[in-house]
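Reader: I am new to this structure and would like to learn how to read it. Could you take me through it step by step?

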Amino acid sequence: MYQWLLSKFYDSIMKDAEDRGLRDWRRTLLENISGDVLELGCGTGANLEFYSPAIKRLVLVEPSAHMHQRLKAKIPRYQLNNIEILNDKAESLSLADASFDAVVCTLVLCSVSNLEKALSEIHRILRPQGKFIFIEHVAAVNNLKRYQWQRRLEFLWKRIAAGCHLTRYTEDAMIKAGFSIIEVNRQSMRGVPPIARPSIRGVAQKT
């Protein structure tokens with residue numbers, strides 16, 4: 001029941017954040033993506049409008065059946081070819097080693113059950129020098145007061161936000177998983193509660 005409600009209202013919940021900058025962040029990061037592309041946790045398809053029709057292959061991974069319904073309804077709006085939809089989890093992908101040029105994660109790694117395993121899978125399926133494109137909200141490392149509130153409220157937040165963690169050190173985890181950070185922007189994500197605003201976005205590369 002909860003997953004059905006989340007899928008039904010997710011776009012409305014995120015509308016303010018999208019209008020206040022998140023949509024522009026997506027556009028900037030995805031406008032030049034090409035080749036064989038995998039998106040993890042694509043939800044209702046917020047990134048679809050920014051993918052080029054020139055992409056050779058686009059695989060969309062989303063474990064929620066309720067999200068699948070809304071995702072499939074959006075796909076015909078865009079001129080995208082060779083699309084596959086999988087219901088895999090990020091920690092266990094049924095895809096071959098070194099089979100993608102790019103992996104996209106936007107507001108996903110906060111809610112995976114095992115961050116290290118998910119990053120290991122992303123690293124595994126990327127080709128050498130493959131790109132990992134990300135937007136994630138993270139621990140407020142530069143704001144002690146906000147970080148303390150994140151820690152206090154994380155247990156409750158996970159319950160109401162589909163397992164979302166507020167205090168993950170995602171950038172450090174990416175480096176430990178074998179990625180080099182090529183580009184990173186650290187900025188407050190407007191349009192969401194203050195405890196979820198600290199964010200990173202950018203591009204990492206498989207090394």
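Predicted model: local features only at pLDDT ≥ 70, side-chain atom pairs only at ≥ 80, totals over all residues.

Reader: How many bridges join strand E1 to E4, and in which sense do the strands run?

Author: Strand E1 covers residues 36-40, and four bridges join it to E4, the two running parallel.

Reader: Are the faces of E1 covered or open?

Author: A residue counts as buried when its relative accessible area is under 20%. By that test both faces of E1 are covered: Asp36, Leu38 and Leu40 are buried on one side, and Val37 and Glu39 are buried on the other. Five of the five residues of E1 are buried, so the strand is largely enclosed by the rest of the structure.

Reader: How many residues of strand E2 are buried?

Author: Strand E2 spans residues 57-61, and four of its five residues are buried, so E2 is largely enclosed by the rest of the structure.

Reader: Which strand does E2 pair with over four bridges?

Author: That strand is E3, and the pairing is in the parallel sense. Valine 61 has leucine 86 as its bridge partner in E3. Between these two strands the chain passes through H2, and this β-α-β crossover from E2 to E3 is right-handed.

Reader: How do I read the sides of a helix such as H2?

Author: The general idea comes from the helix repeat. An α-helix has 3.6 residues a turn, so residues three or four places apart point the same way. Now take helix H2, residues 65-74, where the buried residues are Met67, His68, Leu71 and Lys74. They cover an arc of only 125° around the axis, which puts them on the same side of H2. On the other side of the helix, Ala65, Gln69 and Ala73 are exposed.

Reader: What is the strand order of the sheet?

Author: The order is E3-E2-E1-E4-E5-E7-E6, in an open sheet of seven strands with mixed pairing. Its edge strands are E3 (83-86) and E6 (179-188), each of which pairs on one side only. From one strand to the next the twist averages 15°. Helix H3 packs on this sheet and touches E1, E4, E5, E6 and strand E7 (198-206), its direction making about 145° with that of E5.

Reader: How is E4 joined to strand E5?

Author: Six bridges join E4 to E5 (residues 126-137), and the strands run parallel. One of the facing pairs is valine 104 with isoleucine 133 in E5. The stretch between them matters for tracing the chain: E4, helix H3 (residues 115-125) and E5 make a right-handed β-α-β unit. As for cover, strand E4 (residues 100-106) has six of its seven residues buried.

Reader: Where is serine 99 found, and is it buried or exposed?

Author: Serine 99 is in the loop between E3 and E4. Its relative accessibility is 11%, so serine 99 counts as buried. For its surroundings, leave aside residues up to four places away in sequence: serine 99 then touches Asp36, Arg57, Ile125 and Arg127. Two of these names have come up already, as Asp36 and Arg57 are bridge partners. A polar atom of the serine 99 side chain also lies 2.7 Å from the backbone oxygen of alanine 96.

Reader: Which residues does phenylalanine 134 touch?

Author: Phenylalanine 134 is found in strand E5. At 1% relative accessibility, phenylalanine 134 counts as buried. Not counting residues up to four places away in sequence, its contacts are Leu29, Cys105, Met174, Glu183, Val184, Ile200, Arg201, Gly202, Val203 and Ala204.

Note on methods: Residues numbered from 1 in each chain as written. Heavy atoms only, no water. Buried < 20%, exposed > 50% of the residue type's maximum accessible area, 1.4 Å probe, protein only. Arc of directions from axis to C-beta. Pairing = 2+ DSSP bridges. Right-handed = clockwise from strand over helix to strand, strands pointing away. Axes fitted to C-alpha atoms, helices over the stretch in contact; angles between N-to-C directions. Contact = heavy atoms within 4.5 Å. Polar contact = N/O pair within 3.5 Å; in protein donor to acceptor, adjacent residues only side chain to side chain.
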